[in-house]
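Student: I would like to learn how to read the metal sites, the ligand surroundings and some backbone details of a model. Could we go through them one at a time?

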Amino acid sequence: MKLPPPPPHVELDLTPIPPAASPALVVLVSRTSAGEAARPDGLSERTLAQLHAATADGEFDARPGQLLLLHGTTSDGIRRTLLVGIGTGSTLAPETLRRAAAQATRRLRQAGIGDWHLRLPANLPASCPPDIAAQAITEGILLAGYAFTAYRSGADQARAAPLGAVTLWASDAAQAAAWRRGVVRGQTVGDAAWLARDLCHLPGNALTPQRFAEVALDIAQTSGLRAEVLATEELARLGMGGLLGVAAGSRDGPRLAILEHAPPGTERQRPIVLVGKTVTFDSGGISLKAALDMEQMKADMTGGAAVLAAMRAAARTGLPRRVVALLAIVENMPDASAMRPGDILRMASGATVEVLNTDAEGRLILADALHYARRFEPACVIDIATLTGASAVVFGSAFNALFSSAPAYAARMEQAGALSGERLWPMPLAQAYAERLHSEVADLRNVAGPQGAMLVAAAFLQQFAAGMPWLHLDIYNTCWNTEAHPYLPKGATGAGTRLLTQFLLDLPADDPAGP
Ligand code: BES
Ligand code: MN
Ligand code: ZN
């Protein structure tokens, strides 16, 4: 199993002359206060006349997401012009640009066009400065241009034109540095999302726990992260009953992968510790899941994929901040040696857990990884997990749940959510939920019925994160897309990747100082 190739690079062209002989030029068109399409700059006279006609005929008023594909070579040698509405310019949000760029990408891919240009918009409002705009547009292109084709052969592979050479064109040289910064940032995020989505799509028979650990080591080595993988023997020595218990029914043993990014001068910082649920396949174990949609459970390692991809981004960009990643890697399968409902596990923390449902496995492996995080004396430990079906009941897919015992980091994470488009909503941690986890025979039980199940799961993890500044992200509800969205194609979304990458890249270098 080889990882699929990364996305192509989105290029930036800062010359005032229109691109020569391009198959297509995408132009983002805003809407005037009179509700009409504004006249964008950089268009040929003929294209402007066509836009005017389309506006007069009531076919195009530049509302967000509206598309108008114009054919006919302009005097500049541009064969097609794709106009994309972005709505009222004065209230423009990065998310609108991300979606507009994504819609253009999808439209051109359907038309068999992979190489094209996009005109970066001029006169951006304060709500969307050039660096943030260029990042959002680059992300939209890369996210919408993703396809998992590793297992499709021959002609069938090319169901749509693959993303080719895309160039962003801006003649506003005064903003050159900001445009460049944004494109580079957008590429970093896009690269991370492609990696995470590939990992999520790779099936459970290819990306086994052993293979996932190897991939993590490979990525660490090529990007300059320190890395170590603990396997069964070492995990037993550490008393990690959660990891061992969940993995007991699998042919593969459990792994704990530890990656560290600590550039010179940061070695003594208290690190951010990222903990990812990395269940390569969740069958439910003896508490077996129903057959319908079970294949999606190959994406039950989305949290781990997001952490790995964000770590690679931190290393590649030389983030001036110490970050540690812990990937709790297992497969949850039923067989004669699998853990049973009623089994009692002793966790690394010493606490005992009565397993009433073997399908509530994520919290068991995260409990051991959270305990392991203590040795790093984290500035903040952040776990991310496809943890509960209840997250989908609560939120659908418009938000992810954020639980927090670290208000300053929670605020940063919410800000990263707003910028990345992976929005978060704060959820309560309360004694009332923790109490539901009392067991008759052990310190804790791992489930407590359907009511408030997302909050009870968080309360379970909270016991193992006690005393550490901690954030918990439940991302089950956004990990898999059954309907196409502008920049989230059907299938694995790579949920949490853009969020964590944005969060890390926006961390201040000097917070907190020293050990
Ligand atoms: N990885 C799953 C999340 C999930 C939930 C997948 C629902 C598909 C459907 C997680 O491990 C899980 O199985 N959670 C269960 C826990 C329950 C048995 C207490 C859930 O939320 O339904
Ligand atoms: Mn499960
Ligand atoms: Zn699971």
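Student: Which atom of Gly-389 lies 2.7 Å from an oxygen atom of ligand 1, one of the backbone or one of the side chain?

Tutor: A word on the model comes before the reply: this is a predicted model, in which local features need pLDDT of at least 70 and side-chain atom pairs count only at pLDDT 80 or more, while totals for chains, interfaces and linings use all residues. Residues are numbered from 1 along each chain as its sequence is written, chains are lettered from A and ligands numbered from 1 in the order in which they are written, and side-chain values use heavy atoms, with hydrogens and water left out. A polar contact is a pair of N or O atoms within 3.5 Å; within protein, one must be able to donate a hydrogen and the other to accept it, and residues adjacent in sequence count only if both atoms are side-chain atoms. In the case of Gly-389, a backbone N or O atom lies 2.7 Å from an oxygen atom of ligand 1. The protein covers 76% of the 490 Å² of accessible area that ligand 1 has on its own, areas being taken from the Shrake-Rupley method with a 1.4 Å probe, where for residues only the protein chains shown count as cover.

Student: Which side chains place an N or O atom 3.1 Å or a polar atom 2.8 Å from an oxygen atom of ligand 1?

Tutor: The side chain of Lys-277 has an N or O atom 3.1 Å from an oxygen atom of ligand 1, and for a polar side-chain atom of Lys-289 the distance to a ligand oxygen is 2.8 Å.

Student: How many residues surround ligand 1, and which are the closest?

Tutor: A residue is near a molecule or strand if one of its heavy atoms lies within 4 Å of it. Around ligand 1 there are 15 residues, and the closest are Lys-289, Asp-300, Asp-359, Glu-361 and Gly-389. The shell consists of five nonpolar, four polar and six charged residues, where Ala, Val, Leu, Ile, Met, Phe, Trp, Tyr, Cys and Pro count as nonpolar, Asp, Glu, Lys and Arg as charged, and the others, Gly among them, as polar.

Student: What coordinates the manganese ion (ligand 2)?

Tutor: Its donors are Asp-282 (OD), Asp-359 (O), Asp-359 (OD) and Glu-361 (OE), at 2.1 to 2.2 Å, with the spacing D-x76-D-x1-E along the chain. The angles among the six donor atoms of the manganese ion (ligand 2) run from 69 to 165°, and the site is irregular. The two metal ions, manganese (ligand 2) and zinc (ligand 3), are 3.2 Å apart, with Asp-282 coordinating both.

Student: Is Asp-359 buried or partly exposed?

Tutor: Buried means under 20% relative accessible area, exposed over 50%, and partly exposed in between (1.4 Å probe, protein chains only). Asp-359, at 22%, counts as partly exposed, whereas Glu-361 is buried at 0%, and Asp-300 is buried as well.

Student: What is the phi of Ala-62, and where is this residue found?

Tutor: Ala-62 has a positive phi of about 65° although it is not a glycine, and its place is the loop between α1 (45-56) and β3 (67-71). With a relative accessibility of 0%, Ala-62 counts as buried. Glu-377 also has a positive phi, near 45°, in a residue other than glycine; it sits in the loop between α9 and β13 (380-385) and is partly exposed, at 49%.

Technical notes:
Helix = DSSP H or I, 4+ residues; strand = E, 2+ residues; numbered from the N terminus. Donors = N, O, S within 2.8 Å, 3.2 Å for Na, K, Ca; no water. Tetrahedral: all angles 85-135°; square planar, octahedral: opposite > 155°, others 65-115°.
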